[in-house]
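Grab your viewer and work through these exercises one at a time.

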Protein chains: 6
Amino acid sequence: MSGAGEGDRVAEFTAFRKRMNERILAHDNQVVRRFFALDTQTYRDGALDVKTKELLGLVASLVLRCDDCVSYHVAECRAAGVTRDEMFETFSVGLVVGGSIVIPHLRRAVDFLDQLEGSEGEGAVPAEKPAHDHR
Amino acid sequence: MSGAGEGDRVAEFTAFRKRMNERILAHDNQVVRRFFALDTQTYRDGALDVKTKELLGLVASLVLRCDDCVSYHVAECRAAGVTRDEMFETFSVGLVVGGSIVIPHLRRAVDFLDQLEGSEGEGAVPAEKPAHDHR
Amino acid sequence: MSGAGEGDRVAEFTAFRKRMNERILAHDNQVVRRFFALDTQTYRDGALDVKTKELLGLVASLVLRCDDCVSYHVAECRAAGVTRDEMFETFSVGLVVGGSIVIPHLRRAVDFLDQLEGSEGEGAVPAEKPAHDHR
Amino acid sequence: MSGAGEGDRVAEFTAFRKRMNERILAHDNQVVRRFFALDTQTYRDGALDVKTKELLGLVASLVLRCDDCVSYHVAECRAAGVTRDEMFETFSVGLVVGGSIVIPHLRRAVDFLDQLEGSEGEGAVPAEKPAHDHR
Amino acid sequence: MSGAGEGDRVAEFTAFRKRMNERILAHDNQVVRRFFALDTQTYRDGALDVKTKELLGLVASLVLRCDDCVSYHVAECRAAGVTRDEMFETFSVGLVVGGSIVIPHLRRAVDFLDQLEGSEGEGAVPAEKPAHDHR
Amino acid sequence: MSGAGEGDRVAEFTAFRKRMNERILAHDNQVVRRFFALDTQTYRDGALDVKTKELLGLVASLVLRCDDCVSYHVAECRAAGVTRDEMFETFSVGLVVGGSIVIPHLRRAVDFLDQLEGSEGEGAVPAEKPAHDHR
């Protein structure tokens, strides 16, 4: 609940996401599979570049208060070259639009970002994941 | 946050729910008690059968992104004879109506369903609970 | 806001939806177009029949408090043979899951249903629409 | 959508609510009827007085962004003796908790309050309604 | 509800927003006033430029399904030079993240954009408003 | 997810909140910092007293289903002298307005309250925190 004190939140998050995405896609449901494919397609380079789209995904996740989605897009944003200042400005939009109810999610977002930066040397999330794999 | 790696999520979930429902109903607040009774009544057989009503409860819980409610209705749906294909079609409606923000909850729903099926032999959730006990 | 007193709410709703869907799909954005196609596919007959899926769409729309989506699924449910009793049981699930905040939307849902039944003779919504056209 | 320029918003709102509540309660669905009764009971004098409970109903409606619910509780709050300063402090909590997304609803709340105060002499909402009639 | 057929939606929206913002700020509540000022500050040029921030505001408004907020940011985006292709890519992110429940709001967003482009010659919204005036 | 069985949830929650608030405010983003200051100001004594404002914050947090925000306001309410009866009446408003989807959060709220009362003797949360420190 509080999101406090996870030992290796980045690795755990990545492993669970990967395992369960495989479980979900293993079931023969075409609507679910197409939705996952469409989700991947959404963030591809187009009229807007990948970085801008990831920022859009991040702020949308933040105001909808989905911790896993926020973590996912924080990692993607970093991989796309978003600086910490840009990240915080995106957070500020999410905070003002979504209100103080966003604060606990912001705390976990910054915690995740801190851990991501701390675990950088070891080739964590961004390096590991092959493509936009459905948050 | 990520919902990864719980040892015995089904049993833990059931125990906490049971204990706290008792704590809540122990307090003399008639509105709260009546709400709990009404919640139980809602899913009884009527013009729609129990199975359909549990599917309605499941999809409503999924689009509102409440993990505990989803877990509860996944267990109830199984007890009412919902197949895995039917479960996934319900998930697909929740996913398309609610969007990618639903995905992390879908992952935890499938994880819970997997654990539920794995723990079946031991007389888990459905057997234990006496009636619709307020998710 | 209050949704009171519209002269011909059913016809107006249908016309606006049709016109704007065409405007949206006229723009060359593949993600948007695929989403609309996927939305249509979601409610097709499968492990669950069309009627059950429309009930799922209705309760999901109700708890998410989207009047247009509710109106759309109320019309689809009627076309799929849902009775007024079944409709109200679905409303009751939405009301208990979503709370009193759902009441204003329930009022508009019943108003729409009343108008739909009143306008039946004239071959309104269900007759007009060719297929599941994206609420 | 914009909520602008309604001629007699208070009277229209009251009439539609009354008419549709009767339509809803006319249908023989016990869960729906009990929910409506429970809703009425919720705001009765108890450990907290009516005024405080109406303020709670108002702020909950505001952060959930339900215009009709906000209008209803604004009227009830006035009937319970809430001053304009107290109303605005309640709005401020709703605004900070819920974020800028609340602003359009705040605009309509203040518009409704203005109209309510303007229509006072004519024995509007508070006088007309017999009891807490389900927003 | 359906958002269909408003005569001059852009002008009406602008006038109501302006009038009610003045009413709200006329009341001596410092928290409310500071929130409005903070809201304005949020979208100023910084590490991210105004255009990107308005896109963030747009997608956040879309997934939270606030029509007035969407209208406001659609107008601001146009004023900041966002093209129709970029607007639709932002819509596509909002649609995939938020799900089909977003569709009715997307319809009204495109309708508003159409009207905005149609009313351009007459010096509508962007010309009229002095600054970021609190959606 | 289920919120079951945390050893020392109160202390853990307080420590994580404190640490991350410091991390967030350490970053030079004026909008974020001003939002945090505004949040603190919101609950100060005014036309409504601190106790009423904390009850407003609690019910708003409950219907928006934010566990951390609920925990925070439960602690603040107790510090402001709210009795258990008053707390439950506030819960009842949140439950009826927000629906059964609120129940899991209500369970965790009561669990937190129980732990808070149990840990009272040791000078827990209320004593530790200097002021309204941004949930």
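**Exercise 1. Find which residues A:Val59 touches, leaving out those up to four places away in sequence.**

Step 1: contact here means C-beta atoms, placed from the backbone, within 7 Å. Step 2: within chain A, the partners of A:Val59 are A:Thr90, A:Val93 and A:Gly94. Step 3: from chain E, A:Val59 picks up E:Leu56, E:Val59 and E:Ala60. Step 4: zoom out to the largest nonpolar core, which has 229 residues; such a core is a set of buried Ala, Val, Leu, Ile, Met, Phe, Trp, Tyr and Cys residues joined through C-beta atoms within 7 Å. A:Val59, B:Val59, C:Val59, D:Val59, E:Val59 and F:Val59 touch the most other members of that core.

A word on the ground rules: this is a predicted model, where local features need pLDDT of at least 70, side-chain atom pairs count only at pLDDT 80 or more, and totals for chains, interfaces and linings use all residues. Residues are numbered from 1 along each chain as its sequence is written, while chains are lettered from A and ligands numbered from 1 in the order in which they are written.

**Exercise 2. Work out what chain A is built from.**

Step 1: count helices (DSSP runs of H or I, at least four residues) and strands (E, at least two), numbered from the N terminus. Chain A has 7 helices and 0 strands. Step 2: check burial, where buried means 20 or more other C-beta atoms within 10 Å of a residue's own, exposed 12 or fewer, and partly exposed in between, with C-beta atoms placed from the backbone. Of the 135 residues in chain A, 57% are buried.

**Exercise 3. Decide where the buried residues of α2(F) sit around the helix.**

Step 1: list them: F:Val31, F:Val32, F:Phe35, F:Leu38, F:Asp39 and F:Thr42. Step 2: their arc, taken from the directions from the helix axis to the C-beta atoms, is only 125 degrees, so they lie on the same side of α2(F). Step 3: look at what covers them; this includes α5 (84–98) of chain A, α5 (84–98) of chain D, α2 (30–42) of chain E and α1 (9–26) of chain F.

**Exercise 4. Describe how chain F meets chain D.**

Step 1: 25 residues of chain F contact 25 residues of chain D. Step 2: on the chain F side, α5(F) gives the largest share, 9 residues. Step 3: sort that side by class: 12 nonpolar, 8 polar and 5 charged residues.

How values were computed: Contact = placed C-beta atoms within 7 Å. Nonpolar A, V, L, I, M, F, W, Y, C, P; charged D, E, K, R; others polar.
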